[in-house]
Amino acid sequence: MKKQTLRRAAALCCAALLLAGACSGCGRSFTERTAFAMGSVLTARIYAPEEQAEKLFGRITDGVNGVDRRISATNPDSPVYAANHTGSSNADAYTLNKLGDIVMVCNILNGTVDPTVGALTELWGFSSDTPRKPTDGEIQAALETVGLEKLLLDDVNGSIILSEGQKLDPGAFGKGIALDEAYLALHTATYSAVVTFGGSVLLFGAPKSGKSWTVGIRDPFKGENDSFATLSLTPDDDNYVGYLSTSGSYEKNFTENGVTYHHILSPETGYPVETDLVSVTVCAGGGLSSDALSTACFINGLNETTLRWLKSFGAEAVFVNKDKQYYITDGLKDCFTLNDDSFSPMDHEG
Amino acid sequence: MKDKLQKIVRPADLIVVAAVLAVAAVLWAVLAHLTGTTAQIVCDGEVIATIDLSAVKEAYDVTLDNGVTVRVEPGAICFAASDCANLLCIHAGKLTRAGQSAACLPNKTLIRITGRDRRGPDALTG
Ligand SMILES: [Zn+2]
């Protein structure tokens, strides 16, 4: 009799251990991997058994590295790098395709974002160790080279031909294009995944921690892990794909003679854009469009044109200004939760 | 038959079941707590150190081959020194919650607390 009780107790204890183990694991049914690419951190959380997740992550990094090898201005192997250094280069169909996509989106956005600002960004050196304010003369000279119409993408002969002194800087689009590639790596998979690439996000599949995907928007006045608000995105079905991208003046800036210069340059003036905005977050159905839109919206400011652009891409956005005020486009109004009471709604009539 | 049934489910068993559930709950809490404070140091995509922050009693520094120094404290981890120009890694401050991360991009070094904070969002954009 006693022996039986003991046996039962032992069996039940094993059950307890299993239960505890399973439960502590239920929130962790994902595999997380990190890599460095294109000067940013790439992190993927894949809700799949480790082996499959590993395989998918390999495909994602292959895709992202492929973008780096083709359109990065800092990768010596890329046709873009070659063109920037010699004025022209041979380019494969993929590179020309991606550059063509960028030009198309920029044309829709009236050239408010522009990949031909390379000479300007190099002058300011925001990505270098020694950024500086150029002279007005230098800026005027660099501005002469800016313009989508001065860039020739020759599909027939497979080449990129820049005009005199022109340089490409696909920086405002690279992360978005990389996330588009991450989606291609995942799209046949039946697993959910969250891929973040230097502040841009790809949400794929069914949400795993409730009925919505939740994405924090960085607090522009605090550290990189602090969010002032959270968006809850509820998919209609399990085949959800969502991209978020944020442009903020808190990123890459420097102070010279008491003036702080942020890295978002106006292709029109050649100077960091003067605006009350400190960040714009865009949620769209594509990586390239969300990335390009967040920069374009930041540069153009909150106005009718900007809101029309968002609409034409089926995108939504959250604008934040220096007075800790925010503006949310209609489609996100029910998805928005404020985490910090010191922020308040902007009085803008959209 | 009735006798047999009584043998299978006895009042004493209920106490055992309750005890087992209590033990499971405690174990779960401990396991969940442990997984919430595991930090990793990643260099160029390679995890070079995994640290249980809840087991850290006294702060210490880890100096990496690339010259970056990471400070490990009870329940926290942060960049302490780096030769990078912008020092964004240092400005990122202390990480204490699951899902938080900070990077020194010029040195391709990342620190993070693994797992996902149940109260936190799926991702952060910014
Ligand atoms: Zn650093």
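These questions and answers walk through parts of a predicted model. Local features need pLDDT of at least 70, side-chain atom pairs count only at pLDDT 80 or more, and totals for chains, interfaces and linings use all residues. Residues are numbered from 1 along each chain as its sequence is written, chains are lettered from A and ligands numbered from 1 in the order written, and side-chain values use heavy atoms, without hydrogens and water.

Student: Is B:Thr125 buried or exposed?

Tutor: Buried means under 20% relative accessible area, exposed over 50%, partly exposed in between (1.4 Å probe, protein chains only). B:Thr125 has 1% relative accessibility, so B:Thr125 counts as buried.

Student: Which side chain makes a polar contact with the side chain of B:Thr125?

Tutor: A polar contact is a pair of N or O atoms within 3.5 Å; within protein, one must be able to donate a hydrogen and the other to accept it, and residues adjacent in sequence count only if both atoms are side-chain atoms. Here the distance is 2.6 Å, and the partner is A:Thr246.

Student: Are H8(A) and H9(A) roughly parallel or antiparallel?

Tutor: Helix H8 of chain A covers residues 287-300, and helix H9 of chain A covers residues 304-312. The axes cross at roughly 165°. Angles over 145 degrees count as roughly antiparallel and under 35 as roughly parallel, so H8(A) and H9(A) are roughly antiparallel.

Student: Which residues of H9(A) meet H8(A)?

Tutor: H8(A) brings A:Leu293, A:Ala296, A:Cys297 and A:Asn300. In H9(A) they meet A:Thr305, A:Thr306, A:Trp309 and A:Leu310.

Key: Axes are lines fitted to C-alpha atoms, for helices over the stretch in contact, and angles run from 0 to 180 degrees between N-to-C directions. Helices (H or I, at least four residues) and strands (E, at least two) are DSSP runs, numbered from the N terminus. Angles under 35 degrees count as roughly parallel, over 145 as roughly antiparallel, 65 to 115 as roughly perpendicular and the rest as oblique. Contact means heavy atoms within 4.5 Å.
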